[in-house]
Amino acid sequence: MFSSILVPLDLADTDLARPAIATAATLSQTWNGKVRLLNVLPMTPVMLAEYVPADFDVQQRQTSEEALAIVAQESGIDAARISTAVRQGGIYHEILEEASVVKADLIVMTSHRPAMRTYFLGSNAGHVVRYAKCSVLVVRH
């Protein structure tokens, strides 16, 4: 049923992602599926571009790829069934794009408990739930 599971995560808060990774691990084992861990890097604001090194985006991507490799290794998912990706852009837009690329059957992501501000402004998880073309499982932290 779930042959391709996408797990977007924020490397700044890997503790928040642990429940989503554990859920994806269980589901992938049950359905013999593959898991794709995704980290989305924000675009460097134009105002800051002159203050950061010329290769800042390259360094940031490399750091994210290395961190994702560690998370994947520590996930307990067989190496043949897990992969990683780093994208750059708007968070929910890039999550939806990656889901399309890997033909995800399921997106598993964590979200903080809703606060008053997210009821009015929305959140990345809310956008993914609204616009994803596959099932989305939001694991509350």
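Gly33 is buried, with a relative accessible area of 0%, where buried means under 20% relative accessible area, exposed over 50% and partly exposed in between, computed with a 1.4 Å probe on protein chains only. This residue is found in the loop between α1 and β2, the helices (H or I, at least four residues) and strands (E, at least two) being DSSP runs numbered from the N terminus. The model is predicted, so that local features need pLDDT of at least 70 and side-chain atom pairs count only at pLDDT 80 or more, while totals for chains, interfaces and linings use all residues. Residues are numbered from 1 along each chain as its sequence is written, and side-chain values use heavy atoms, with hydrogens and water left out.

**Surroundings of Gly33**

- Not counting residues up to four places away in sequence, Gly33 touches Phe2, Ser3, Ser28 and Arg81, contact meaning heavy atoms within 4.5 Å.
- Gly33 and Ser111 are 78 residues apart along the chain, and their C-alpha atoms are separated by 23 Å.

**The sheet**

- Five strands form an open sheet in the order β3-β2-β1-β4-β5, with parallel pairing, and two strands pair if DSSP finds at least two bridges between them.
- Because β3 (82–88) and β5 (135–140) stand at the edges with a single partner strand each, one side of each is left without a neighbour in the sheet.
- Neighbouring strands of this sheet are turned by 25° against each other on average, direction ignored, with axes taken as lines fitted to C-alpha atoms, for helices over the stretch in contact, and angles running from 0 to 180 degrees between N-to-C directions.
- Strands of a sheet pair through backbone hydrogen bonds, either parallel or antiparallel.

**Strand pairs**

- Between β1 (residues 4–8) and β4 (residues 106–111), the parallel pairing extends over two bridges; the bridge partner of Ile5 in β4 is Leu106, and that of Leu6 is Ile107.
- β1 and β2 are also paired in the parallel sense, over five bridges, and Pro8 stands opposite Leu38 in β2.
- The parallel pairing of β4 with β5 comprises six bridges, and Ser111 stands opposite Arg140 in β5.

- Strand β4 is mostly covered, six of its six residues being buried.
- Both faces of β4 are covered, with Leu106, Val108 and Thr110 buried on one side and Ile107, Met109 and Ser111 buried on the other.
- Strand β2 is likewise mostly covered, with six of its eight residues buried.
- Asn39 is found in strand β2 and is buried, with a relative accessible area of 4%.
- Leaving out residues up to four places away in sequence, the contacts of Asn39 are Leu9, Asp10, Leu11, Ser64, Leu68, Ala85, Val86 and Arg87.

**Helices on the sheet**

- Helix α1 (residues 14–31) lies across β1, β2 (34–41), β4 and β5, and runs at about 155° to β4.
- Helix α6 (residues 124–131) packs on the sheet, where α6 touches β4 and β5 and its direction makes about 155° with that of β4.
- The buried residues of α6 are Ala125, Gly126, His127 and Val128, and these buried residues pack against α4, β4 and β5.

**The α4 and α6 contact**

- Two packed helices are described by the angle between their axes and the distance between the axes.
- The axes of helix α4 (residues 91–101) and α6 come within 9 Å and cross at roughly 40°.
- The two helices α4 and α6 are therefore oblique to each other, given that angles under 35 degrees count as roughly parallel, over 145 as roughly antiparallel, 65 to 115 as roughly perpendicular and the rest as oblique.
- Ile91, Tyr92, Ile95 and Leu96 of α4 make the contact with Asn124, His127, Val128 and Tyr131 of α6.
- By class, this contact of α4 with α6 has six nonpolar, two polar and no charged residues, where Ala, Val, Leu, Ile, Met, Phe, Trp, Tyr, Cys and Pro count as nonpolar, Asp, Glu, Lys and Arg as charged, and the others, Gly among them, as polar.

- Ala132 is found in the loop between α6 and β5 and, with neighbours within four places in sequence left aside, is in contact with Leu96 and Ile107.
- Ala132 and Glu97 are 35 residues apart in sequence and 9.4 Å apart in space, C-alpha to C-alpha.
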